[in-house]
Amino acid sequence: MDLHIHARIATGDGAAVSLSGGGVAVPDPASGLLRLYLTVTLHSSDARYAWLNGLPVWTTGTADLARAEMQVAGHAPPPG
């Protein structure tokens, strides 16, 4: 499945971070889950999170459609 996603992340200190990106979901017959492979970009208008603006993040994870649950881990390139 091709994915095109948009999301809003609420931080613990009240800031908002938007996330947009795309990738693929691959069914895993053994577990019944979808394996997720995404590239996303982050953006925030909050000055405390300006360092996120345009940051590419590669994510992998799983989605369980039956339980409406998703778990992902993101990896960004090192600074510099």
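Analyst: The accessible surface of the protein chain comes to about 5,400 Å², and 61% of that area belongs to carbon and sulfur atoms (Shrake-Rupley method with a 1.4 Å probe; for residues, only the protein chains shown count as cover). Please keep in mind that this is a predicted model, in which local features need pLDDT of at least 70 and side-chain atom pairs count only at pLDDT 80 or more, while totals for chains, interfaces and linings use all residues. Residues are numbered from 1 along each chain as its sequence is written, and side-chain values use heavy atoms, with hydrogens and water left out.

The C-alpha trace spans about 45 × 30 × 20 Å along its principal axes. The chain has five strands and zero helices, which gives the pattern β-β-β-β-β along the sequence (both are DSSP runs numbered from the N terminus, helices being H or I with at least four residues and strands E with at least two). Of the 80 residues, 28% are buried (under 20% relative accessible area; exposed is over 50%, and partly exposed lies in between, with a 1.4 Å probe and protein chains only). Among contacts with a separation of 6 or more, 26% join residues 24 or more positions apart (a contact is a pair of heavy atoms within 4.5 Å).

Strand E4 covers residues 56-64 and pairs with E3 in the antiparallel sense over eight bridges (strands pair if DSSP finds at least two bridges between them). One example of a bridge partner is alanine 63 in E4, which goes with leucine 34. E4 also pairs with E5, again in the antiparallel sense, over seven bridges. In that pairing, aspartate 64 stands opposite glutamate 69 of E5.

E4 and E5 form a hairpin with four residues between them. Alanine 68 sits in this loop and has a positive phi of about 55°, although it is not a glycine. Alanine 68 counts as exposed because its relative accessible area is 71%.

Threonine 62, in strand E4, gives a contrasting view. Its relative accessible area is 18%, so threonine 62 is buried. Leaving aside neighbours within four places in sequence, threonine 62 touches Leu33, Leu34, Arg35 and Leu36, and also Glu69, Met70 and Gln71.

Moving along to strand E5, which spans residues 69-75, we come to histidine 75. Histidine 75 counts as partly exposed because its relative accessibility is 46%. Beyond its neighbours within four places in sequence, histidine 75 is in contact with Pro56, Val57, Trp58 and Thr60. Histidine 75 and threonine 39 are 36 residues apart along the chain, and their C-alpha atoms are separated by 9.6 Å.

Proline 77 belongs to the segment after E5. With a relative accessible area of 32%, proline 77 is partly exposed. Apart from neighbours within four places in sequence, proline 77 is in contact with Pro56 and Trp58.

Aspartate 28 lies in strand E2 and is buried, because its relative accessible area is 17%. With residues up to four places away left out, aspartate 28 touches Leu33 and Arg35; Leu33 and Arg35 are also among the contacts of threonine 62.
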